Amino acid sequence: MRFPESFAAVVAVAALSLCAGTRSLAQAAPSQSSSQSPSSVQSNTPQPSPAYISIDPLANVRYDNRYDLSLSMAYAHIKAGPNLQQGSNLGGLNLTGSFWLSRHWAIEGTGRGYLGTSGAAPNTFLDSNGRPDSIQGPFVAQYIFAGGPEWLGPHNKHGALIAHVLAGGAYGQFEKDLRGQPTSLVGFYYNQIAPAVVMGGHFDLNRSPQLVFRVTTDAILTDYAVNWGKKDRQIDINTALSVGVEYRFKKKR
């Protein structure tokens with residue numbers, strides 16, 4: 001059986017077209033896979049998170065300031081009389097300032113006020129109506145003004161230990177709540193100004209180059225006089241504690 005020559009030509013053309021289409025499809029596949037943009041590849045890659053930058057708030061602590069000032073809530077224990085069994089726990093304020101002469105030495109001044117009540121010696125008296133009465137827990141106060149050398153001890157950017165010895169005076173107010181009765185009735189000192197010495201120091205915890213959390217512990221020596229009985233003087237040593245904040249002024253030495 002013989003096919004017409006026209007039919008054979010059509011078959012040949014179809015075969016060539018099929019081969020050409022297959023070859024172009026094979027060449028197009030890799031070109032499509034390689035045509036992906038770098039951005040599409042990068043979008044599938046996990047991106048690193050931005051780095052955390054740490055800032056040290058104490059990096060500029062230098063201990064080269066000229067002045068500083070602190071204000072603290074204060075506590076003091078005192079004896080309102082020479083022979084009292086009960087002491088007095090007083091509260092108040094402590095204002096302290098320093099003028100630094102060098103890195104380690106300064107002149108410090110302090111003003112402190114302590115208020116409260118005190119135990120009294122057993123007592124009885126006749127009031128204005130002639131009836132028996134007694135004084136219990138009368139008001140007392142002590143105000144201290146002192147100054148002296150201050151020494152900067154071990155320190156770093158986090159904190160410092162500071163020692164001081166301050167000398168000055170104490171004003172003791174003991175008669176305000178006695179209702180006109182003599183101090184001998186309750187065993188108190190009389191109102192007076194007496195010598196005082198403050199011995200102790202500060203523990204400073206830096207919060208920034210200027211702001212400081214401060215704890216102050218002291219022993220306070222006073223030398224009050226007695227105007228009844230032996231009429232003598234007595235040296236008392238009592239404890240004091242204050243907690244507050246200090247500010248270092250930016251002016252440098």
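Let me start with a question: which residue forms a salt bridge with Asp 56? The partner is Lys 157, and the closest N and O atoms are 2.5 Å apart. By salt bridge I mean a side-chain nitrogen of Lys or Arg within 4 Å of a carboxyl oxygen of Asp or Glu.

Before I go on, two bits of housekeeping. This is a predicted model, so local features need pLDDT of at least 70 and side-chain atom pairs count only at pLDDT 80 or more, while totals for chains, interfaces and linings use all residues. Residues are numbered from 1 along each chain as its sequence is written, and side-chain values use heavy atoms, with hydrogens and water left out.

Back to that pair. Asp 56 is in the loop between α2 (38–43) and β1, Lys 157 is in the loop between β6 and β7, and the two are 101 residues apart, so the bridge links distant parts of the chain. When I name helices and strands, those are DSSP runs numbered from the N terminus: helices are H or I with at least four residues, strands are E with at least two. Asp 56 is partly exposed at 34% relative accessibility, and Lys 157 is partly exposed too, at 33%. For those words, buried means under 20% relative accessible area, exposed means over 50%, and partly exposed is in between, using a 1.4 Å probe and protein chains only.

In one, the side chains of Asp 64 and Lys 252 meet at 3.9 Å, N to O. Asp 64 lies in the loop between α2 and β1 and Lys 252 in the segment after β10, so this pair ties together parts that are 188 residues apart in sequence. Asp 64 is partly exposed at 25%, and Lys 252 is exposed at 54%.

Now, Arg 214 and Glu 246: are they buried or exposed? Buried: Arg 214 has a relative accessible area of 1%, and Glu 246 comes in at 2%. They form a salt bridge with the closest N and O atoms 3.1 Å apart. Arg 214 sits in strand β9 and Glu 246 in strand β10, so the pair ties together parts that are 32 residues apart in sequence. Salt bridges that share partners also bring in Asp 204, joining Asp 204, Arg 214 and Glu 246 into one network.

Next, strand β1, residues 67–78. Its side chains alternate. Asp 68, Ser 70, Ser 72, Ala 74, Ala 76 and Ile 78 point to one face and are buried.

On to the inside. A nonpolar core, as used here, is a set of buried Ala, Val, Leu, Ile, Met, Phe, Trp, Tyr and Cys residues joined through side-chain atoms within 4.5 Å. The largest one has 27 residues, and Tyr 114, Ile 144, Phe 174 and Phe 188 touch the most other members. β1, β6, β7, α3, β8 and β9 each supply at least two residues of this core. There's a second, separate core of eight residues that includes Trp 100, Ala 106, Leu 152 and Ile 162. As for Phe 174, its contacts (heavy atoms within 4.5 Å) include Ile 78, Phe 139, Phe 188 and Tyr 224, not counting residues up to four places away in sequence.

Which angle stands out at Arg 179? Its phi is positive, about 55°, although Arg 179 is not a glycine. Arg 179 is in the loop between β7 (159–173) and α3 (183–186), and counts as partly exposed at 48%. Asp 133, in strand β5, has Arg 179 among its contacts, along with Asn 123. Lys 231 also has a positive phi, about 50°, and isn't a glycine either. Lys 231 lies in the loop between β9 (211–225) and β10 (233–248), and is exposed at 58%.
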